[in-house]
Amino acid sequence: MTKYILRRILMMIPVMLGVTLLVFFIISLTPGDAASMILGQEATEESIAELREEMGLNDPTIVQYVRYMGDLFQGDMGNSYATGKTVNSEIAQRFPNTFVLTVSAIFLSVLISIPIGVVSATRQYSIFDNVGMIIALVGISMPSFWTGLLLIIAFSLKLGWFPSGGMEGFISLILPAFTLAIASTASITRTTRSSMLEVIRQDYINTAKAKGVTRNVVIRKHALKNALIPAITVIGLEFGILLGGAVLTETVFSWPGIGRLMVESIQRKDTPMVLGSVIVFALAFSVVNLIIDILYAFIDPRIKSNYS
Amino acid sequence: MSDKLLKIEDLVVQYITDDGIVEAVNGLNITVDRGKTLGLVGETGAGKTTTALSIMRLIPHPPGKIISGGIELDGMDLLALNEQRLEKIRGDVVSMIFQDPMTALNPVITVGDQIAEAIMIHQKVGQAQASQKAREMLEIVGIPGNRSNEYPHQFSGGMKQRVVIAIALSCNPKLLIADEPTTALDVTIQAQVLELMKSLKVKFQMGMVLITHDLGVVAEVCDDVAIMYAGRIVEQGTLEEVFTEVKHPYTEGLFNSIPNIDDRKEKLKPIRGLMSDPYNLPKGCSFCDRCDYAMPVCETEKPPKIYFSDTHFVECHLYRDQQDFKLKGGMK
Ligand SMILES: Nc1ncnc2c1ncn2[C@@H]1O[C@H](COP(=O)(O)OP(=O)(O)O)[C@@H](O)[C@H]1O
Ligand SMILES: [Mg+2]
């Protein structure tokens, strides 16, 4: 198992290389010039040219990339073009906010979706099931910036229950976390339902019933654990989508996280900051996937024995 | 207490599907005496599993439904009991072994826990005691007790079926229903599992319904035989009666389709045709379109039940007017 985890961590390196390479070149293709942006509108042609030379912006993109990666391997992600602060410090300051938001969102959606999925499956085609699945379909179809705006209109402008943005304590976490959770709740619910339907038709469920195990225990103990195996895959995938959603949700709710930092930095063509944010997102996604794979081994003994 | 452990009367079970109604069991009557083994024999689709699940009251609903009839187990009217009472009976009074051992065990629970679960439910003992008993059960079915912490995927097919047997017998049931317990196993393993079941049947003094399509298995294990076709028992008797005085043309067909070891040059005579469409059973005898002895009356009238002894009967028009009618043979 440890060997497996180590191998997986090593496998993250090529992933990160690919991600940074891609983002670096995409940014280099966008119009606009970092040096003139740093110096502002009043700067003279000479001073801009001077700064370009000093920052190495005249070198070929590949040379710039190699230089960037060299620094990155020493733990240095450079300085923001916009503020001059180090990218490291900015990210260290914002990361906890994104962490809190996304982790609460995924917890929320797992907490809601698994029970609904299970009940829907055990009462297939009942009113509960039909209504649940329609809501899930709507939930999947709504983009998070749209849900976010709807929630702001309803719960902060009309009802005044929650703040419409910012980060003042637990109460301001609720709307953005919900917004972020909705889409993933919907698809985790659907997966749980369908894998549960699959599992309750299996022979071992009949074996359990034939032992005299009560209906509830059959569902909770015998069916759910098996149904969770596919559900967990989807939870992992959804976490990736949710990280993407964080970019929009943080912007809508002015949540001071990495997602909003990234949007602002793209607008300012603040390349080091954009790269830094992307790297953090990519790392988070890889780590989540690793955690999911380890979880598998805990739930499914067949996988565990493959590792050892 | 009556000596009848299981008594099924006029049982009718249907699956009501979008494509129509499957008449799976159509007026079935069987009885099993205490400590005796009844072989329920028939080809795929005859309604054997449906009968077994009816006794367990585990017919999937929808689409399945017990339409009418009676099932009496150990003096209890099973069709009148609510789910809670049934849960107390399942695994305790009656147990079932399912056809495919590869899928019958829960892949994420250790075999020990799967056995212990039944013990904890019915014998009101704690985890430790139940686990101890589970290990003993494993030993009884020929698996070292220290393997109780392993998961099903660590066992072979034959071993899995032994575990399934251990689960079924863990609470010492009065009736065991074994649904083709050896069909999915290799031939050599089949013999071992069969031998095990034979000895455990004596050890636990239980009645058994052994479902199979293999007459060899029946000869090996059973006291009585019921031949099932299209949801009805077409012939029933003691092992000796059915094996020496075959009455029903379908039973004869089953015997003729077994390879004869003494005379390997002799051609097999499989029963021609396929079983009637269960969505649309014929008006008369269900077997008549495949029967070499069919008469005009077979197509229009349900065959009568004719007794040759207290225990041996057949449902066939051939014997209505001449009780001593003899089939052409093929039996030696
Ligand atoms: N869940 C089900 N839905 C619809 N038809 C079924 C179902 N289960 C069994 N049947 C039908 O009922 C008939 C009897 O099946 P079964 O009891 O499994 O026979 P056997 O065990 O003798 O092979 C078959 O025609 C089968 O197709
Ligand atoms: Mg069957």
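Me: Which helix gives the nonpolar patch its largest share?
Reply: Helix H7 (residues 144–158) of chain A, with 4 residues. This is a predicted model.

Me: What makes up that nonpolar patch on the surface?
Reply: A:Phe145, A:Trp146, A:Leu149, A:Leu150 and A:Leu248 form it. Together they have about 450 Å² of accessible area. A:Leu248 is found in helix H10 (residues 215–252) of chain A.

Me: Why is A:Leu248 called partly exposed?
Reply: Its relative accessibility is 39%. Buried means under 20%, and exposed means over 50%. The value of 39% falls in between, so A:Leu248 counts as partly exposed.

Me: How do you know whether A:Tyr125 is buried or exposed?
Reply: Its relative accessible area is 61%. The cut-off for exposed is over 50%, so A:Tyr125 is exposed. A:Tyr125 lies in the loop between helix H5 (87–122) and helix H6 (127–141) of chain A. Its phi is positive, about 70°, although A:Tyr125 is not a glycine.

Me: And B:Asp74: why is that residue called buried?
Reply: B:Asp74 has a relative accessible area of 17%. Buried means under 20%, so B:Asp74 qualifies. B:Asp74 sits in the loop between S4 and strand S5 (76–77) of chain B. B:Asp74 is not a glycine, yet its phi is positive, about 50°.

Me: Why is strand S3 (residues 37–41) of chain B called largely enclosed?
Reply: Because 5 of its 5 residues are buried, the rest of the structure largely encloses it. B:Thr37, B:Gly39 and B:Val41 point one way, while B:Leu38 and B:Leu40 point the other way.

Me: How do you know that S3(B) pairs with strand S8 (residues 207–212) of chain B?
Reply: A pair needs at least two bridges. S3(B) and S8(B) have 5, and they run parallel. B:Gly39 has B:Leu210 as its bridge partner in S8(B).

Me: What makes S3(B) and strand S9 (residues 224–229) of chain B a pair?
Reply: They share 4 bridges, in the parallel sense. At least two are needed, so the pair counts. B:Leu38 stands opposite B:Asp224 in S9(B).

Me: Why are the buried residues of H4(A) said to line one face?
Reply: The buried residues are A:Gln64, A:Tyr65, A:Tyr68, A:Met69 and A:Leu72. Seen down the axis of H4(A), they fall within an arc of 135°, so they line one face of the helix. On the other side, A:Val66 and A:Phe73 are exposed. An α-helix has 3.6 residues a turn, so residues three or four places apart point the same way.

Me: What makes helix H7 (residues 187–204) of chain B close to its expected span?
Reply: Its 18 residues reach 25 Å from the first C-alpha to the last. The expected span is 26 Å.

Me: Why do the buried residues of H7(B) line one face?
Reply: The buried residues include B:Gln190, B:Val193, B:Leu194 and B:Phe204. Seen down the axis of H7(B), the buried residues fall within an arc of 160°, so they line one face of the helix. B:Thr188, B:Val202 and B:Lys203 are exposed on the other side.

Definitions and conventions. Residues are numbered from 1 along each chain as its sequence is written. Chains are lettered from A and ligands numbered from 1 in the order in which they are written. This is a predicted model: local features need pLDDT of at least 70, side-chain atom pairs count only at pLDDT 80 or more; totals for chains, interfaces and linings use all residues. Side-chain values use heavy atoms; hydrogens and water are left out. Patches are made of residues with over 30% relative accessible area and no salt bridge: like charges are joined within 9 Å, nonpolar side chains (Val, Leu, Ile, Met, Phe, Trp, Tyr) within 5 Å. Accessible areas come from the Shrake-Rupley method with a 1.4 Å probe; for residues, only the protein chains shown count as cover. A salt bridge is a side-chain nitrogen of Lys or Arg within 4 Å of a carboxyl oxygen of Asp or Glu. Buried means under 20% relative accessible area, exposed over 50%, partly exposed in between (1.4 Å probe, protein chains only). The expected span of a helix is 1.5 Å times one less than its number of residues. The arc is that of the directions from the helix axis to the C-beta atoms.
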